Amino acid sequence: MMPVGISGYNINTNYSVYNNTDADDTKKIGRTSSPEECQTCKNRKYQDGSNENVSFKSAAHISPSSAGSAVRAHEGEHVSNAFSKASEKNGKVVSASVSIRTSICPECGRTYVSGGTTNTMLKYPNESNPYQKERKAQDAMNLIGSQIDYVA
């Protein structure tokens, strides 16, 4: 087949698809090392910055292949702590969300999990608030007699 031409220029009809199944020992174009030899990935450490009693309080290395599950488990500890904290003071968890961040290593080009964030919203009843007291009294008046079986 003859290449298609436009104004004297040839259009290349051969396309190659980038295959992301390269071995870890292959250096990618524009990178200084292969993922197998990458010192940045070998020296990467994860550390928690919160004031809660969770894992990774001191910096620790996690391999890039297992960092995703380790970070998700760690953020799950924060969610679990929110439920525990809420139940201690008769509160409830209104919402809990976890965000996992990814980055690309500048040395080898590997995509890795770079961290996570947990956002929780807790709600506690305010028994000293006069409006809350009145609301509870109104609810009690509405419930009086609601469980009576008139047929019996």
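This is a predicted model: local features need pLDDT of at least 70, side-chain atom pairs count only at pLDDT 80 or more; totals for chains, interfaces and linings use all residues.

Me: What makes up the secondary structure of the protein chain?

Reply: The protein chain has 3 helices and 6 strands. Helices are DSSP runs of H or I, at least four residues, and strands are runs of E, at least two, numbered from the N terminus. Along the sequence the pattern reads β-β-α-β-β-α-β-β-α.

Me: How do you know that strands β5 and β6 pair?

Reply: Pairing takes at least two bridges found by DSSP between two strands. Between β5 (residues 92-104) and β6 (residues 111-123) there are 12 bridges. The definition asks for at least two, so β5 and β6 count as paired. They run antiparallel. R101 has G115 in β6 as its bridge partner. The hairpin has 6 residues between the strands, and there G109 takes a positive phi near 85°.

Me: Why does the length of α2 agree with its residue count?

Reply: The expected span is 1.5 Å times one less than the number of residues. For the 22 residues of α2 that gives 32 Å, and the end C-alpha atoms are 32 Å apart, so the two agree. After α2 comes N90, with a positive phi near 60°.

Me: Which residues of α2 are called buried, and what covers them?

Reply: Buried means under 20% relative accessible area (exposed is over 50%, partly exposed in between; 1.4 Å probe, protein chains only). In α2, the buried residues include A67, G68, V71, H74 and E75. Their cover includes β3 (45-46), β5 and β6. Of the 152 residues of the protein chain, 20% count as buried.

Me: What makes a space a pocket, and what lines the largest pocket?

Reply: On a 1 Å grid over the protein atoms alone, a pocket is an open set of points with protein on both sides within 12 Å along at least five of seven lines; lining residues have an atom within 4 Å of a point. The largest pocket holds about 170 Å³, the space filled by probe spheres set on the points. It has 13 lining residues, with Y46, Q47, D48, H74 and E75 closest to its centre. α2 supplies the largest share of the lining, 4 residues.

Methods:
Residues are numbered from 1 along each chain as its sequence is written. Side-chain values use heavy atoms; hydrogens and water are left out. On a 1 Å grid over the protein atoms alone, a cavity is a set of points where a 1.4 Å probe fits but cannot get out, and a pocket is an open set with protein on both sides within 12 Å along at least five of seven lines; lining residues have an atom within 4 Å of a point. Contact means heavy atoms within 4.5 Å.
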